[in-house]
Amino acid sequence: CIEFSEQQIANTVWAFAELAYHDAPLLAALSAAALPTHAIGDKALATMPWSVARLGGWEQGLVLLRRALGKGSPAPEVLGPLLMECEQQELPDSELRLLSDLASAEGFRDVARAVLAARRAELG
């Protein structure tokens, strides 16, 4: 049995996302492999949520993001791509849920609340 590091898993998922190659069982397995009890490295954490979400695994992407939020304030590299993907794929409910998560996170409360209120008003 070959074991991949978290960064190798993140790189693999990113490659599939870039190729727009969606394999639901593989995506689920890679996401699960990235969620063991030990901490995900910052570089892997910056790649995984977007990659998983881009391949249609929004729930797994949000789980990874929540894990990042649990570590403290994640870098913008984690948040920006997910919000961008929500807008590009026209997923307002996912975008609002993501902003709601951010509104309860340390370091993002005020900004996320303001953006969330603006997006809710914009979306009606």
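Select Ser51: beyond its neighbours within four places in sequence, Ser51 is in contact with Val13, Trp14 and Ala17. This is a predicted model. Ser51 sits in helix H3, residues 42–54. Its relative accessible area is 0%, so Ser51 counts as buried, the cut-off being under 20%.

**Next, the largest nonpolar core.** Select Trp58, Leu65, Leu82, Leu98 and Leu102. Of the 14 residues in this core, these five touch the most other members. Now colour the helices. H4 (58–70), H5 (76–88), H6 (92–103) and H7 (109–123) each supply at least two residues of the core. H6 gives the largest share, five residues.

**Then the second core.** A separate core holds 12 residues, including Ala10, Val13, Ala44 and Leu64. Keep Val13 selected: Val13 is also one of the contacts of Ser51. In soluble globular proteins, nonpolar side chains tend to be buried together.

**Last, the cavity.** How many cavities of 30 Å³ or more are there? The count is one. The volume of the largest cavity is about 50 Å³. To see its lining, select Val13, Phe16, Tyr21, His22, Asp23, Leu26, Leu27, Leu30 and Leu55.

Helix H1 (6–19) and helix H2 (24–33) each supply at least two lining residues. Colour the lining by class to finish: seven residues are nonpolar, one is polar and one is charged.

Conventions. Residues are numbered from 1 along each chain as its sequence is written. This is a predicted model: local features need pLDDT of at least 70, side-chain atom pairs count only at pLDDT 80 or more; totals for chains, interfaces and linings use all residues. Side-chain values use heavy atoms; hydrogens and water are left out. Helices (H or I, at least four residues) and strands (E, at least two) are DSSP runs, numbered from the N terminus. Buried means under 20% relative accessible area, exposed over 50%, partly exposed in between (1.4 Å probe, protein chains only). Contact means heavy atoms within 4.5 Å. A nonpolar core is a set of buried Ala, Val, Leu, Ile, Met, Phe, Trp, Tyr and Cys residues joined through side-chain atoms within 4.5 Å. On a 1 Å grid over the protein atoms alone, a cavity is a set of points where a 1.4 Å probe fits but cannot get out, and a pocket is an open set with protein on both sides within 12 Å along at least five of seven lines; lining residues have an atom within 4 Å of a point. Grid points are joined across faces, edges and corners, and a volume is the space filled by probe spheres set on the points. Ala, Val, Leu, Ile, Met, Phe, Trp, Tyr, Cys and Pro count as nonpolar, Asp, Glu, Lys and Arg as charged, and the others, Gly among them, as polar.
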